[in-house]
Structures are given as C-alpha cells and as structure tokens.
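Okay everyone, thanks for coming.

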Amino acid sequence: MQKKQKKKKKDKPKWGSIDKYGDKVYNLHPGQSRVITSKVRFTAAIAGTGGGKTVIGPLWLANRIRTLLEEGVTEGMIGMVIAPTYKILSRATVPTLIETFKGTELEGRFLESKGQYILPNNMGKLYLLSADNPDGLEGGQLDIGAWLDEAGQMSERSWLALCRRTGVNEAPIFITTTPYLVNWLKLEFLDRYLEGDEDYFAEIWSSIANPAYPKKEYERARRTLTKATFEMMYGGMFGSLEGMVYPDFASCICEPHSPIGMQVGGIDFGWRAPFCALHGILYVEDGRDILYIDKERYQTKTPLKVHRKFLSKDFVWFADPAEPDSIQDLRSFGFRIRPARNEVLTGVEAVNARILTNRLQISQSCVNLIKEAGVYKYPDKESDAETENPIKGMDHAMDALRYICLSIVRKNKVNKRARVIIRNKE
Ligand SMILES: Nc1ncnc2c1ncn2[C@@H]1O[C@H](COP(=O)(O)OP(=O)(O)OP(=O)(O)O)[C@@H](O)[C@H]1O
Ligand SMILES: [Mg+2]
C-alpha cells in the first residue's frame, strides 16, 4: 500500500521545478507544446477552465525574448500583456508572470503604479494592461509581441487595436482563453485557421488535458452542467448558435465609455448562486434610446448588507420580484428599488429587440454577464423540459438584464377604446 502511494507521488507532474543547473523546467502537455512552438503571427490556445492556459503566457514571452536576443536585439524590447479586466490582470495574469520569471535570467521589476514589468539588463519592458482601459491599447509598436489572457472576453475593437499595434513589426500575438461567445475569436480567428489561413494557428483542449486538473471535479461538472455549458467551459469548445437565447449578443460588447443618461440597474438576489447587480445607463443617441451596461457585481455567499455598500442610491433598481424582503430591506436604506417585471419570454424578447436594433451595449468589463450569455440556451427539442423558457442555472446576470430591459419598456396605457372619425366633405 505504502509503495503504491510513493509511486503516485513520484508520477505527479512537477511544474516549474528547478533542475540541477538551477533552471526552471516546465514539461508542457501536447496542446501547450503545439501552441508554444507555433511560429505564425497569431496563435491561440483555446481551452477549458484550469486547462493550463495562463501559465504558458510567460513561457511564450520568454521564448520570444530569447528569439529577439538571438536575432541581435539586446535592448529596448517592448511587449504587452493584456487581460480583459483589471481584476483578472492583477489577480491572475500578472502574478503568474512575476512568479514564472522569479529566480530566472528574466526576473525584473514590477512597477505596479505604471503598469509595467521592467526586464533586467535594459532588455526592455512589458506593458501590463487591461482591455477595459481602451486608451492603453493604442500607439507605439511592439517587437516582443502581445500576450492576451482570456481574449475571448475582449471586444473586437480591442482585438483590432492590438493587430494595428503589432502590425509594423509583424510581431506575434499569443492568445490564451476559454471560449465564451460565438464572437470575433471564433469567426475572425478560429474559422480563419480552419479555412487554412497560414497566419493563424489555434489549438483546443479540455481542462483535463492538464495533468494537474482534478478528474473528479471535471466529472462533477459534466454531471451537473448542461452539455452545451460543459463543452464550452470545460471542453474549450465553441457552442453552436442553435438554441441560443441571444445568438447576436457578441455584437453588443464594446469598450468602456461614459455616456450621460438615466441610471438604471437590475438585481437578481442570491446566496449560494451568485448575487448579480447590473449597472446600466439609458441614454439617447441620434434619437434612439440605448441601454449601456457598464458594470456588474457578481458574488456568492455575501450578505445583502455588504452588497448595499457597493450599490448606488442614484439608480433606479429593478429587482427579482420573488424576493420582496430583500427589496424592502434595500428600500428601507433609501434605495429606489422596484419589483421588476418578470415574464421570462417577454423579457427575452425585450432584450433581443435591443440587441437586434443596436440599442444594447455591454462593456467588456462585465465578464460574468458575457460568460452567461454564451451558455444561455433553450432546452433541446428532444429534452423533457416542462417549459419553453431558457434552461435555468447560469442565468443570474441574464435575469438581471431581463429585469432592466423589460421594466424600462414604456407601456402605452390606453384605458378607453380609441375612436377615429374622418368627416365627410360638407
Ligand atoms: N502541463 C502541466 N503540467 C502540470 N501542471 C500544469 C501544467 N499546465 C498547468 N499546470 C498547473 O495547472 C494549474 C492551472 O493552470 P492555469 O492557471 O494556467 O490554468 P488556466 O487554464 O489559465 O485556468 P483558468 O481557467 O482558471 O484561467 C497551475 O497551477 C499550473 O501550475
Ligand atoms: Mg487563466
């Protein structure tokens, strides 16, 4: 028995262990190996959650720096590391970069306030940016190239801005991401690769391609999620548009901006399932009313008294009518909050009407809203679902969005029957 345990421990992959020369060694799995050795301009690792995406970004940068050194560039190299939001950048992407370079010839200085990583020996620097700060993505040319973590949540505009920035030097772009929506990453990247465009390379793998990913957790997800959600989140597969509630949602994703208008919000209460509050601004442009969702709050197991501190009292909030106590609680603290209209299919129609008439904008910083929209589906025709409503589960931001869109629809209240009389000639 003891022998068996020992063997198991020995087999466990040692990621980033130090060898006898003091070098850090990473044994990549096959998918990781194929993307990291890709030599084309645009490369993407599209994989399930925990599949080992973020950890290969710094390794790719290290390879790029080595290539430039071999080409004779010794100073002033410029590269970029981008995540969709500041939160993802500061909590996952940058710490992974710092940890990977630590104790190696690439260990430099992280200047947090400047958002830069200074490489040693005047080699150059890496700009550390979030795509929800669109100004940072313009100007200057890169030679190292750019690593985009979770690029599937970025807008097409951010992607095009990065293509421009890397254009002059034809510097490569390396993407590590989970698929979220059928968006530019699928249509302008993966499909181009599949059609044989030689500037593109993509590799797809599931969470368990990573030898360190727990199989039990993978199986739990397979058991509890719908097939479409599981395949997208753990399989790294883009879902089909069939059965999607908001098939054109990707067209709404935009860079953050600050229109002036009425502040409206939607709240779906939750404890084990996430509490979701969406902030919206309803503004008029060219005579059309546009709803712009600029921020989200999305958290589990947090008491309402904590959420309260983060919600603005300047808003008109529309909340889940099934939770009158929570609504009353917020009201007693001075919030302008009303029970939302909650007819599911009418709400879905109101959201789709906005999407299809370009009157809904979603900031790319609303990552959970975008994630949910990617897996929000109607039940299969063959399924024994009892309603025609979309499948419940990952739909908290979906509900909050529905509440806003339906509750701001102005009803034309006509109490009397209208009568129109057109007089005769005399
Ligand atoms: N080839 C590998 N062999 C062993 N361990 C690995 C390998 N690839 C990744 N890991 C380990 O798996 C863990 C998850 O990796 P990583 O954070 O890159 O996953 P991810 O796909 O970015 O996850 P997320 O979906 O949460 O962003 C890390 O702790 C890393 O050390
Ligand atoms: Mg990651």
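So, in the protein chain, 70% of the contacts with a separation of 6 or more are between residues 24 or more positions apart; two residues are in contact if their C-beta atoms, placed from the backbone, lie within 7 Å. Keep in mind that this is a predicted model, where local features need pLDDT of at least 70 and side-chain atom pairs count only at pLDDT 80 or more, while totals for chains, interfaces and linings use all residues. Residues are numbered from 1 along each chain as its sequence is written, and chains are lettered from A and ligands numbered from 1 in the order in which they are written.

On to the overall layout. The C-alpha atoms of the protein chain fill a box of roughly 100 × 60 × 50 Å along the principal axes. You'll find 13 helices and 17 strands in there, taken as DSSP runs numbered from the N terminus (helices are H or I, at least four residues; strands are E, at least two).

Now the domains, whose bounds come from an automatic or database domain assignment. Domain 1 covers 17–233, and domain 2 covers 249–378 + 388–414. Their C-alpha centres lie 32 Å apart. Where they touch, 18 residues of domain 1 are in contact with 19 residues of domain 2. On the domain 1 side, α5 (156–167) and α8 (227–233) are the elements giving two or more residues, and α8 gives the most, with three.

Last stop, ligand 1. There are 17 residues around ligand 1, and Gly-52, Lys-53, Thr-54, Val-55 and Ala-212 come nearest; a residue is near a molecule if its C-beta atom, placed from the backbone, lies within 6 Å of it.
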